[in-house]
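Opened the notebook for a new entry. I want to go through the ligand site and then the aromatic rings.

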Amino acid sequence: MPDSTDATTSVPSTGRPLDRDSGKTLRAPVIVERLMEAYEGGVIELDHTSPFELLIATVMSAQSTDKKINEITKTLFVKYRTPEDYLSVPEEELQTDIKSSGFYRQKTKSIRGICQALIEDFDGEVPLRMADLVTLPGVARKTANVVLAGSAPEALLEDPDAGIAVDTHVTRLSKRFGFTRNDDAVKIEKDLMRLFPRQQYGPASLVIILHGRRVCDALRPRCGSCVVEDLCPSSLIAGRRDKAKQARAVGTD
Ligand code: SF4
């Protein structure tokens with residue numbers, strides 16, 4: 001990881017160095033730029049070769065880990081290649097195939113419901129528009145944004161309804177950065193969309209998720225190894241109170 005002190009940035013209007021006390025609209029794009037550099041633009045850690053595979057893997061990843069899902073999809077995606085394949089076997093067979101992901105009965109229902117809708121409404125293809133994706137059963141904005149960011153960044157850029165995937169890591173870090181005081185994912189997404197330029201929507205969620213997993217842990221953030229420490233109002237090194245906890249104490253907007 002690069003040293004954050006190498007990347008001092010100035011506030012354009014004043015020439016003063018950007019720091020953790022600067023406004024969030026100034027800090028947000030710079031934080032994402034630094035994280036993109038640290039994580040090479042950001043990657044989806046769910047293995048996939050198409051939007052369809054990423055959609056299935058994302059549905060399966062609820063309450064599980066990407067590592068576990070990748071173990072399962074290694075063989076799953078060989079056996080099931082199309083929406084029709086998931087509907088051509090008895091429900092119990094698919095349940096068995098994805099059992100180790102947890103909540104397998106519900107996930108089987110979701111996957112089969114999505115496959116049915118893809119066949120009936122979209123000729124068996126995953127639609128790469130937010131307005132269409134959220135018509136699929138059980139697919140909300142978070143999953144739709146992950147699919148767009150991970151497998152169709154160009155479509156995300158052109159889609160006025162697309163946004164930023166908000167998961168548990170994005171929620172926690174957005175509060176630590178002082179970007180939001182909301183708890184609701186849709187409200188957090190709106191707060192973030194006001195702070196980032198559209199071209200950062202996809203990468204922002206990818207790199208913030210990676211930073212949350214690798215450095216900014218929920219219980220033990222490694223502020224000493226953090227490339228955006230100088231821009232973070234919750235830095236333990238700066239002796240700052242955790243903005244995430246502060247937001248919880250204050251309540252939602
Ligand atoms: S400085 Fe600490 S709290 Fe802030 S983003 Fe980095 S690791 Fe997280």
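Which cavity does the space taken by the ligand correspond to? I looked it up, bearing in mind that this is a predicted model: the ligand's space is the largest cavity.

Next I listed what surrounds the ligand. I found Arg 176, Phe 177, Pro 221, Arg 222 and Glu 229, along with Cys 216, Cys 223, Cys 226 and Cys 232, plus Ser 234 and Ser 235. Sorted by class, that shell has six nonpolar, three charged and two polar residues.

Phe 177 is buried, at 3% relative accessible area.

Then on to the rings. I get four aromatic pairs in the structure. One of them joins Phe 177 and Phe 179: the ring centres are 5.2 Å apart and the planes sit at 35 degrees, so I noted the pair as tilted. With a relative accessible area of 1%, Phe 179 is buried.

Phe 179 also pairs with Phe 196. Here the centres are 6.0 Å apart and the planes make 85 degrees, which is over 60, so this pair goes down as edge-to-face. Where do the two partners sit in the chain? Phe 179 is in the loop between helix H10 (168-176) and helix H11 (185-195), while Phe 196 is in the loop between H11 and helix H12 (201-214). They are 17 residues apart, so I logged the pair as a link between distant parts of the chain. Both Phe 179 and Phe 196 are buried.

Last item for today: ring pairs also connect Phe 52, Tyr 80 and Tyr 86 into a cluster.

Notes. Residues are numbered from 1 along each chain as its sequence is written. This is a predicted model: local features need pLDDT of at least 70, side-chain atom pairs count only at pLDDT 80 or more; totals for chains, interfaces and linings use all residues. Side-chain values use heavy atoms; hydrogens and water are left out. A residue is near a molecule or strand if one of its heavy atoms lies within 4 Å of it. On a 1 Å grid over the protein atoms alone, a cavity is a set of points where a 1.4 Å probe fits but cannot get out, and a pocket is an open set with protein on both sides within 12 Å along at least five of seven lines; lining residues have an atom within 4 Å of a point. A molecule sits in a cavity or pocket if more than half of its atoms lie within 2 Å of its grid points. Ala, Val, Leu, Ile, Met, Phe, Trp, Tyr, Cys and Pro count as nonpolar, Asp, Glu, Lys and Arg as charged, and the others, Gly among them, as polar. Rings of Phe, Tyr and Trp (its six-membered ring) pair if their centres lie within 6.5 Å; planes under 30 degrees apart count as stacked, over 60 as edge-to-face and the rest as tilted. Buried means under 20% relative accessible area, exposed over 50%, partly exposed in between (1.4 Å probe, protein chains only). Helices (H or I, at least four residues) and strands (E, at least two) are DSSP runs, numbered from the N terminus.
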